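Welcome! Please keep the view open as you read.

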Amino acid sequence: MATFTSLFLPNPIHFSTKKLVTNQTLFSSSSPNYIHFKSSNDKRQLIVPRVASIPYNPINVDYLEEEFSGHGVTFQGIGDNCVAQMTLENGSTAILMLPSGLITSYKAAMWHGGTDEMLHSSVFEEEKGSASIQGGVSLVLDFTTEYAHSWSPTNWALKNISGDSHHSIQVELISSESGAMVEVKHIVTLKKDELSSEVVISNSSSAPVQLTGCVLSHLRVSSPDATYAIGLEGSDFFSRPPFSSNFGIVPPDFGQKMGFGFGQMLSQMAFWRPNNPNNSNGNQTKSDQGDSGQELEGEETDNYKHLREEISQIYTSAPRNMTIIDRGRRNSVVVGRKGFEELYMLSPGSTHELYGKYSYICVGQSAMLKPIVVEAETVLRLGQDLHNPNL
């Protein structure tokens, strides 16, 4: 039985065409700057991460260590990429990949004195000996101007680190892919009992900008069969095909019990924004926009919702805070939403292996059904909090 722990490889792939690597051995903060996998004959194979699809300069790890020392963050290089590990004195840690901005790990301090991994990530092997990662917490955002110019922030640069290992650590990333008129920041804050992801959008142009997408989180559980969502009673919802992104994980057979396969779902999907040929390598986001006959609307009647069945829903009136409880691992996480008006939830169902690659619940603070408008010359703050109540 494979257990999936903190994973650090960059550059996402599509789940349906790649083979999952099992029995992987991954480096920790004290290990060398490479990743290897244990094969069946107990030989170790070096996996060289492939170059990111978006050109950027190699990250100077030595410079980062010197410039941002003393804040509780350490850096390790993987090829042209970088792993930043945030560590607090109470044992809580978070792993952040650069330049992708993917959060691959959040180990939260527990009541028994140890830590527990809250996020789910999986490493996939690709052709030519490279590997990539899906899962964790990622920003999947699409911006569109009034002239139908669109872009997706996928390449993040480290701007600043503040705080210390005693209280809290804040890492500020910035994306300027839109040009000079719209600035997007991703601020990751690790506290003793919380990990937050905040998006700060500064629109200095003279016209509004439309935002679609979400903060997509894969929460690690023992099995969806032992997992419950608390606090959704009375919330309106839509049933939609799974949200698709480069970092998302969805079983390839998802939806077959409902009478149609995932391949059929994908064929029904359309871009939220106008298709931009200049952004073909971006972190594209999709959702069902057509009248497929599969969309359902209802009201949640269960305040202790069992997540054992396949679920792909968007809640439009969910509370700002809801709780995911895993009775198998005997822990919970409170998921908080800021700025977004929708809550996306996906459960792969309980037919998969315990503690396997589909032992997760996906939660997204989203703007899928209704875009968010960032008015001209304004600053908008959005985000998500993962609160640890297990201390």
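## The nonpolar cores

The largest nonpolar core has 62 residues, and those with the most contacts inside it are F75, L158, V171, I324 and M345. Strand 29 (residues 360-374) contributes five residues, the most to this core. A nonpolar core here is a set of buried Ala, Val, Leu, Ile, Met, Phe, Trp, Tyr and Cys residues joined through side-chain atoms within 4.5 Å. Buried means under 20% relative accessible area, exposed means over 50%, and partly exposed lies in between, using a 1.4 Å probe and protein chains only. A second, separate core has 14 residues, including C214, V250, Y344 and L346. As general background, nonpolar side chains tend to be buried together in soluble globular proteins.

What is L158 in contact with, leaving aside its neighbours within four places in sequence? The partners are L64, F68, F75, L98, V171, E172 and L173, where contact means heavy atoms within 4.5 Å.

## How to read this model

This is a predicted model, in which local features need pLDDT of at least 70 and side-chain atom pairs count only at pLDDT 80 or more, while totals for chains, interfaces and linings use all residues. Residues are numbered from 1 along each chain as its sequence is written, and side-chain values use heavy atoms, with hydrogens and water left out.

Helices (H or I, at least four residues) and strands (E, at least two) are DSSP runs, numbered from the N terminus. Is strand 7 (residues 93-98) mostly covered or mostly open? Strand 7 is mostly covered, as six of its six residues are buried. Both of its faces are covered: T93, I95 and M97 are buried on one side, and A94, L96 and L98 on the other.

Two strands pair if DSSP finds at least two bridges between them. Strand 6 (residues 81-87) runs antiparallel to strand 7, and six bridges join them; A84 stands opposite L96. Their hairpin has five residues between the strands, and G91 takes a positive phi near 100° there. Four bridges join strand 7 to strand 8 (residues 103-109), again antiparallel, and L96 has I103 as its bridge partner in strand 8. This hairpin has four residues between its strands, with G101 in the turn at a positive phi of about 80°.

Nine strands form an open sheet with antiparallel pairing, in the order 14-15-16-17-30-27-26-19-24. Strand 14 (157-163) and strand 24 (304-306) are the edge strands, each pairing on one side only. Neighbouring strands of this sheet are turned by 20° against each other on average, direction ignored; axes are lines fitted to C-alpha atoms, for helices over the stretch in contact, and angles run from 0 to 180 degrees between N-to-C directions.

Within the sheet, ten bridges join strand 17 (residues 194-203) to strand 30 (residues 378-387).

## Aromatic pairs

Rings of Phe, Tyr and Trp (its six-membered ring) pair if their centres lie within 6.5 Å; planes under 30 degrees apart count as stacked, over 60 as edge-to-face and the rest as tilted. By this rule there are four aromatic pairs. The rings of F143 and W151 are stacked because their centres are 5.3 Å apart and their planes are at 10°. Both F143 and W151 are buried.

The rings of F237 and Y315 have centres 5.8 Å apart and planes at 55°, so this pair is tilted. F237 lies in strand 20 (residues 236-239) and Y315 in strand 25 (residues 311-315), so the pair ties together parts 78 residues apart in sequence. F237 counts as buried at 14% relative accessibility, and Y315 counts as buried at 0%.
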